[in-house]
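These are my notebook entries on one protein chain. I set out to look up its sheet, its core and its charged pairs.

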Amino acid sequence: MADMRAFQEAVTSWATGGPEGPSRDLAESLEVRTAVLLEGLSDLAAVEALAARRGRDLAAEGVCVMPMGGAMSVGRYAGLLGPPGLGLRLTGLCDEGELGFYERGLTRAQAPLQDIYVCTADLEDELIRALGTAGVEEILRAEGDFRAWQTFQRQPAQHGRPRHQQVRRFLGTKKGRKIRYGRLLVEALAPDRTPPPLDGLLASL
């Protein structure tokens, strides 16, 4: 049986020059109604983790959470998935600095702008502020990354930088780390500490 991952893969292929048919067929068979446009895989990990914590099965609800490989792709994906293409409702999460790409892409796709949730700096920044640096360090210790974190802090480029900025930079220093911690940081959140953009996005689905 086809699943939402297959739909994601079909759309990614379509966005890079592949055929339209598989995406349209899967959208119909899976009863997809909403596409959540995300910049990358770490955002995907965070959204999926929060949905799981709240007992939501987004795929069963007809929601496709779509990582686009960068905000500059939003115009392409919005056109394929929104009113000009499959006619899905579009929503999304983006960094403050990438909002312009989303605004232009959704405007061209004739989709409402109010359905975009904006992170201050980025989602990692939101999650670190929600947990506090001490809370993030506890997770680094539990995951066996605390020694690497201490070594990172001793680098000359990190001297004098606020701890919050150091943590945020550290999460991006190794391939796959942002994705892994996108899930772990969300799983560690107290129920009342979910960053507003992430909380608002899930509530809207």
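Before reading the sheet, I noted the rule that two strands pair if DSSP finds at least two bridges between them. I also noted that the model is predicted.

**Entry 1: the sheet.** I looked up strand S3 (residues 89–95) and found it paired with S4 in the parallel sense over 4 bridges. One of the partners I traced is Cys94, which is bridged to Val118 in S4. I then turned to strand S1 (residues 34–38), which pairs with S2, also in the parallel sense, over 5 bridges. There, Thr34 has Val63 of S2 as its bridge partner. Taken as a whole, 4 strands form an open sheet with parallel pairing, in the order S2-S1-S3-S4. Strand S2 (63–67) and strand S4 (116–119) each have a single partner strand, so one side of each lacks a neighbour in the sheet. I recorded an average twist of 15° from one strand to the next.

Entry 2: I followed the chain from S3 through helix H5 (residues 99–108) to S4 and recorded a right-handed β-α-β unit. Next I examined helix H4 (residues 74–81), where 6 of the 8 residues are buried. Among them are Val74, Tyr77 and Leu80. The buried residues of H4 pack against helix H1 (4–15), S1, S2, S3 and H5.

**Entry 3: the core.** Which residues have the most contacts inside the largest nonpolar core? I found Leu58, Val65, Leu93 and Leu198, in a core of 36 residues. Helix H3 (residues 41–53) supplies the largest share of this core, 6 residues. I also noted a second, separate core of 29 residues, which includes Met66, Met68, Ala78 and Tyr102. Beyond its neighbours within four places in sequence, Leu93 is in contact with residues including Leu37, Tyr117 and Leu201.

**Entry 4: charged pairs.** I counted 13 salt bridges in the structure. In one, the side chains of Asp115 and Arg89 meet at 3.9 Å, N to O. This pair links distant parts of the chain, 26 residues apart: Asp115 lies in the loop between H5 and S4, and Arg89 in strand S3. Asp115 counts as buried at 15% relative accessibility, whereas Arg89 counts as partly exposed at 28%.

I then looked up Asp125 and Arg129, whose closest N and O atoms are 3.1 Å apart in a salt bridge. The two are 4 residues apart in helix H6 (residues 123–131), and therefore about one helical turn separates them. Salt bridges that share partners join Asp125, Glu126 and Arg129 into one network.

Technical notes: Residues are numbered from 1 along each chain as its sequence is written. This is a predicted model: local features need pLDDT of at least 70, side-chain atom pairs count only at pLDDT 80 or more; totals for chains, interfaces and linings use all residues. Side-chain values use heavy atoms; hydrogens and water are left out. Axes are lines fitted to C-alpha atoms, for helices over the stretch in contact, and angles run from 0 to 180 degrees between N-to-C directions. A crossover is right-handed if, with the strands pointing away from the viewer, the path from the first strand over the helix to the second runs clockwise. Buried means under 20% relative accessible area, exposed over 50%, partly exposed in between (1.4 Å probe, protein chains only). Contact means heavy atoms within 4.5 Å. A nonpolar core is a set of buried Ala, Val, Leu, Ile, Met, Phe, Trp, Tyr and Cys residues joined through side-chain atoms within 4.5 Å. A salt bridge is a side-chain nitrogen of Lys or Arg within 4 Å of a carboxyl oxygen of Asp or Glu.
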